[in-house]
Every structure is written in C-alpha cells, then in structure tokens.
Amino acid sequence: MDSPAARTHGRPAITLSGIAYGCDYNPEQWGPETWREDVELMNEAGVDLVAINIFGWSQIEPRPGEYDWSDLDAVIELVHSHGIRVNLGTGTSSPPPWLTALHPEILPTTADGTTRFPGGRQAWCPSSSVFRQHAVALVEKVAERYGSHPAVALWHVSNELGCHNALCYCDESAAAFRGWLQRRYVSIEALNEAWGTSFWSQRYSAWDEILPPRLTISLGNPTQAIDFHRFSSEQLLDHYRSEAAVIRRHSTAPITTNFMVTAHIRNLDYWSWAAEMDVVANDHYLDHRLSDPVAELSFAADLTRGLAGGAPWLLMEQSTGAVNWQPYNIAKAPGQMMRNSLTHVARGADGVSFFQWRASQQGSEKFHSALVPHAGTDTATWREVVELGATLDRLDEVAGTRVVADVAVVFSWESWWAGDGDARPSQGVEYLDQVHAAYRALHGLGVTTDIVSPDADLTRYRLVVAPCLYMVSDDQAAAIDAFVAAGGHALITFFSGIVDQDDRVRLGGYPGAFRELLGIVAEEFAPLLPAHQVTLDTGAHGRWWTERMRTTTAKVIASYLDGPAAGDPAITRNIYGAGVAWYVATALDPEDLRDVMRTAVQEAGAGADGPESDGSIEVVRRAGAGRSYVFVINHSERDLEHRVVGHELITGERVVDLLRVPAGSVRVVREDTTP
Ligand code: GAL
C-alpha cells in the first residue's frame with residue numbers, strides 16, 4: 001500500500017507497492033512438500049502478503065521455555081525467496097495446552113461463573129497477569145528472532161482480540177475492574193452517583209464489594225454493565241499495547257491487529273483502539289442472517305475507513321466462499337468474491353486478504369472456504385483467485401488515494417452497548433438494525449457516506465445522520481448542535497439523546513440532548529407490538545416505535561394517522577441557526593426512510609456518486625494527488641451504463657462517455673479530469 005496517508009505514528013507505512021493481495025497461511029497444518037507447492041501457487045495467483053504464525057504458539061514453544069523455530073524459519077525463508085512479504089503473527093492468540101494445564105487460572109469465566117475450558121481457541125482471560133506474562137515472553141522471542149528480517153512487512157498482534165473472550169467475569173477480572181473503577185471515579189461516592197445505586201438498595205460502601213456484572217436473579221445495574229464493556233475493551237487494548245511495545249524494541253515494521261467490524265461482534269470500542277494501530281486492518285464476513293448483506297459489507301468497509309481516519313486500510317480477512325460458523329453457510333455466487341473484494345478497495349482498502357490459503361483437512365474449520373479448496377486448483381474458486389490477483393495488480397495505482405464523502409453517519413459503540421440494554425422500552429429496536437437502516441437509505445440513493453465517531457469533527461460534512469444515538473455526552477451533543485447552527489444539516493432518528501455517559505436520563509422531555517436542536521418535545525415513548533405498523537398522513541408506514549410528542553419550533557412534515565400516538569408528529573424539520581435538523585420518530589419502512597433521506601440529502605446539497613438503485617449498483621470515487629478513480633460495482637443481473645470519461649483499468653479500454661458495466665462485474669475508471 002505504500003501510502004503516506006496510512007497511520008504510522010512516526011513509523012514507516014507498510015511498504016508494499018500497490019494493492020496488497022494476501023491470506024492467512026497456516027503451514028503448520030501441512031508438511032514441507034505442500035509448502036513448496038503453496039509458494040508456487042501463491043506466485044501464480046499474485047499473493048504477495050501472507051499472515052503466518054497466527055496460531056503458532058504450541059508449535060514454536062512446545063514445552064515451557066523450549067523453542068523450536070525450525071518450521072517457522074523454513075517457511076519465512078521459503079516465502080521470502082518467492083518474493084512474498086510476511087504479516088507476522090505474534091502467535092499469542094491461543095495458549096498451548098501446557099500453559100492452561102500449568103495455570104488453569106488463566107481460563108475465561110462466563111457471567112454465570114462457569115469456567116470455559118481449553119480445547120477451542122482464545123481460552124484466556126484478558127485480565128490474567130499470568131497469561132500476559134507468558135504472551136509477552138513469547139512475543140519477545142518472536143520479535144527478537146524476526147524483528148529485522150527483510151520479509152517482515154507487518155506485525156499481526158494476536159488475532160481478533162476479544163472475538164470469544166472479551167468479557168471475562170473471573171475473580172482476577174473483578175479485581176482489575178475494581179482498579180479501573182477506582183481510577184475512573186476516585187471515590188466510592190462518585191461511583192454510587194454514576195451508577196445510580198440508590199435504586200434497589202445497591203449503594204456500595206467499599207470498593208471490594210463491587211463485582212463484574214455477573215448473572216443476577218433480576219435485571220442488573222445498566223451503568224455497571226456499560227462500565228464493564230468500557231473496562232473490557234480497554235483491557236484488551238492494553239494487552240495489544242504490551243505486545244506492540246515489545247515488537248517496537250525489535251522492529252521498525254508497522255504493527256496492527258485485525259478488527260472485527262462486522263455485524264455480530266460488538267464488544268470493543270474501536271474508536272479508542274484505532275489511533276494506536278500503525279495501519280487499521282479489518283476482518284469481514286458476509287452475515288447471511290442479515291436482511292441486506294451487500295449494504296452491510298459496504299457499511300463495514302466505510303466504518304473501517306472511518307476508524308482509519310480516512311486513510312487507506314487493510315482488509316485482513318474475508319472468505320472466498322462459504323464460512324463454517326453460520327447455521328446455513330452460503331457459497332458465494334460466481335463473481336461475488338471479486339465484487340466484494342473490490343467493494344472494499346473502492347471504499348478505501350489498500351489490501352485484500354483472506355482466511356485462509358489452503359482449506360484445512362482437519363479441525364473445526366475444515367468446511368471453511370479457502371483460496372485453495374479441498375478440490376484443488378482445477379476449480380472455479382482457484383480461477384477466480386488467480387483472476388482477482390491479476391485484477392488487483394491492475395489497480396495498483398489506486399493505492400494511497402482516499403474516498404471523500406459529504407455525508408456522515410454517526411456510529412457509537414457506547415450507544416450500542418447502552419441502547420440495547422436489558423430493560424429498554426422495546427426489544428424490537430436494535431441499535432445496529434437502525435444504523436443499517438439509515439445507511440441503507442443512503443446507500444440506495446447512491447450517496448457515499450463516511451461513518452464517524454460521535455467525537456468526530458463534523459465540519460467538513462453537509463449532512464450528518466445520527467440513528468438511535470441513545471447515549472451522548474454533553475460535548476457530543478454540543479458538536480452536533482454547533483454543526484447545524486453553523487449551517488449543516490442533521491437527521492436524527494428516534495431513541496437519540498436520551499441519556500448521558502452514565503446512562504442517566506436527560507430530564508425535561510425526550511429526546512433530551514436534542515430537544516432544542518430538533519424543536520420538539522416528547523413526553524412518552526409509545527412502542528408498537530411486532531405485528532403492528534402505523535400509517536402516516538403522507539402514506540408512509542412505521543414500525544416498532546412512536547412517541548407522544550409535540551413541536552416547539554419545528555415544522556411537522558408527517559403525522560400518525562393511527563396507533564398510540566395518532567395525530568402526533570412522526571417526521572419534523574427544524575430550522576436551527578443557519579442549518580436544518582430533521583427528526584424521524586418511528587422506524588420507517590425502507591422506501592419511506594429513503595424518501596425522507598433523499599429530501600434531506602438534496603436540501604443539504606450533498607452529492608450522490610451513483611444512481612439510485614435497490615443497492616445493487618455501487619459507485620464510489622477514490623481520489624488524491626491529482627488522480628481520481630471511479631469504481632462501479634454492478635451486483636445486479638443486468639448490464640448498466642455509467643457516465644464517466646477516462647481509462648478503464650480492468651479491461652484497459654478507453655471510456656469516452658458511457659462506461660458499460662456487464663451484469664455482476666466491476667469497472668474502475670481513472671478519470672481524465674479530477675473533480
Ligand atoms: C476469523 C478468524 C480466523 C478464522 C475465520 C473464519 O474470526 O480470525 O482465524 O477463524 O474467522 O471465518
């Protein structure tokens with residue numbers, strides 16, 4: 001990626017020229033004969049970056065303090081001699097059996113106090129000092145041995161930190177949690193105040209009475225649960241720091257770990273992690289349990305770009321075909337792997353990697369797809385793998401450029417944790433669903449969207465969308481307020497602005513922090529039963545949520561014709577300072593939400609890069625250093641045309657006016673004039 005834009009914290013950016021093509025490579029599952037075939041095939045496919053030693057601990061340290069580097073040395077030399085760079089794992093992701101046998105106290109404990117046994121992976125407690133000590137000792141050895149090896153282009157700390165073990169409730173975690181709380185609140189009184197412990201006789205008199213939010217007989221304390229999420233995210237980040245600090249002493253190569261910005265993992269607040277990565281990397285798997293996996297992929301890519309602060313990032317894992325961990329593991333359609341890969345590139349990735357190189361013959365992932373399938377290389381998968389490598393080569397010049405967006409969606413892990421709490425007004429309202437719904441409306445309009453933190457600088461945007469932003473600090477609310485007052489446009493959806501950072505309801509009527517900005521006041525939530533829907537006087541429909549509210553300064557755009565809030569406003573628009581603030585008080589049907597969004601986008605003067613579609617056509621522009629590239633991704637079953645002038649990189653054709661993109665294909669045009 002060789003991108004000056006990548007976050008480097010004074011360290012060199014990863015030095016691969018162009019768009020990297022890579023995979024997890026687990027040679028320990030195979031013998032040397034296979035390794036030789038592997039590197040030849042990697043060269044054939046154009047794979048130039050392999051992640052190795054991800055699960056290597058039990059091989060390289062087979063007994064406590066006894067190291068065997070022979071295989072790892074041989075593999076690193078072999079890939080190096082074939083011009084392939086190494087994304088070197090620290091190997092600490094899963095402890096070897098000897099460690100958990102020697103120190104069972106490192107095993108993770110679930111909320112009901114049950115120990116989880118070894119035999120799978122990631123069987124360690126993030127607060128375990130014994131685990132940390134052993135992990136750091138291993139990193140010292142690995143970094144010492146390979147820190148200056150010319151093949152090492154990138155360091156891969158652990159693997160998907162917190163994928164399984166983010167929340168540990170053991171006694172050592174309890175002690176660490178108490179220490180974290182003491183640092184956060186200083187006095188027990190301040191903690192009592194923040195947690196609202198006057199409720200249900202929960203008032204603490206000493207720190208050692210406090211526990212993690214272990215399973216209770218009734219509902220637990222919501223602020224305790226939110227603080228436990230904050231603590232747990234920080235514990236794992238601290239683990240990352242300890243490994244990274246060791247590597248830094250031995251190597252100048254950039255360091256990262258693979259995030260899980262994907263629909264089903266929510267435990268880590270990556271806004272606080274991202275700044276510590278030399279390059280942001282993400283793993284993404286299509287989740288077929290979602291109603292719109294295509295839009296979710298684009299959302300995840302845009303969120304990863306947001307985490308990277310707009311800089312190029314790395315797609316560290318995806319699958320060539322089916323995964324093995326969903327109830328129904330859907331194979332990718334022909335061409336889908338190419339489209340998905342280039343969607344990530346269109347949205348800012350300077351590298352495309354996969355899990356994994358060769359499909360395992362044994363173990364619990366043996367039915368997970370790979371670049372080399374069980375059936376070998378005379379397969380459609382392998383032909384697509386080779387084609388993808390050639391295509392990425394043709395896109396090398398795109399590396400380093402950036403996506404520019406006029407519209408931002410605010411995304412908050414804290415609102416996810418807090419807003420999806422156990423005792424919320426409606427279990428039918430889930431934070432991520434509502435964020436996806438807002439994103440999908442923009443995606444279908446062809447609008448390129450940044451996903452930003454609630455603490456982001458919003459000034460460069462024309463429209464800011466805040467879906468279900470339940471928890472906001474005073475400063476975060478003030479930033480949205482100031483953005484609109486200065487002429488920006490905002491669209492906020494229901495269940496936003498309700499509580500402060502301690503989950504304390506903002507009094508005086510909903511939506512608390514945004515009442516004045518939106519020019520409305522609601523006195524009561526009026527959620528709907530799952531089978532119900534309400535009709536608005538515009539003909540639009542809403543589900544899940546309504547509220548009994550009135551306007552103060554806003555204009556009513558639509559009202560409910562029926563339902564528990566019949567006659568009350570459902571969509572409002574408020575002129576605030578030099579800007580405009582919209583409120584949508586129900587979960588509108590997708591087409592209806594898109595209608596409101598279309599008006600908001602147009603009024604804000606935000607541009608669309610592509611046409612309106614059912615989401616099956618994506619057009620995204622990457623630009624920088626006097627160059628610009630238009631990606632047109634056609635997920636549909638019909639050919640399409642897009643107006644652009646320039647040079648098409650995949651076919652090498654000149655495009656004089658209309659670019660033709662065949663059904664299921666992707667085209668990338670270097671524009672003649674940079675907009
Ligand atoms: C990721 C993980 C990989 C592999 C993959 C399967 O969570 O990092 O090691 O398990 O999923 O989809």
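Predicted model: local features only at pLDDT ≥ 70, side-chain atom pairs only at ≥ 80, totals over all residues.

Visitor: Helices to start with. At what angle do α5 and α8 pack?
Guide: About 30 degrees, and their axes are 8 Å apart. α5 covers residues 129-146, while α8 covers 222-250.

Visitor: So is that roughly parallel or roughly antiparallel?
Guide: α5 is roughly parallel to α8, because angles under 35 degrees count that way. The crossing of α5 past α8 is right-handed.

Visitor: Which residues make the contact?
Guide: On α5 they include F131, V136 and V139, and on α8 they include H239, V246 and I247. The contact residues of the two helices split into seven nonpolar, four polar and six charged.

Visitor: OK, new topic. What order do the strands take in that open sheet?
Guide: β16-β17-β22, with antiparallel pairing. β16 (534-535) and β22 (587-588) are the edge strands with a single partner each, so one side of each has no neighbour in the sheet.

Visitor: How many bridges link β16 and β17?
Guide: Two. T535 has H541 of β17 as its bridge partner.

Visitor: What does V261 touch, leaving out residues up to four places away in sequence?
Guide: Among them are Y270, H284, L303 and L307. L307 is 46 residues from V261 along the chain, and their C-alpha atoms are 9.8 Å apart.

Key. Residues numbered from 1 in each chain as written. Heavy atoms only, no water. Pairing = 2+ DSSP bridges. Helix = DSSP H or I, 4+ residues; strand = E, 2+ residues; numbered from the N terminus. Axes fitted to C-alpha atoms, helices over the stretch in contact; angles between N-to-C directions. Parallel < 35°, antiparallel > 145°, perpendicular 65-115°, else oblique. Left-handed = near helix turned anticlockwise from the far one by under 90°. Contact = heavy atoms within 4.5 Å. Nonpolar A, V, L, I, M, F, W, Y, C, P; charged D, E, K, R; others polar.
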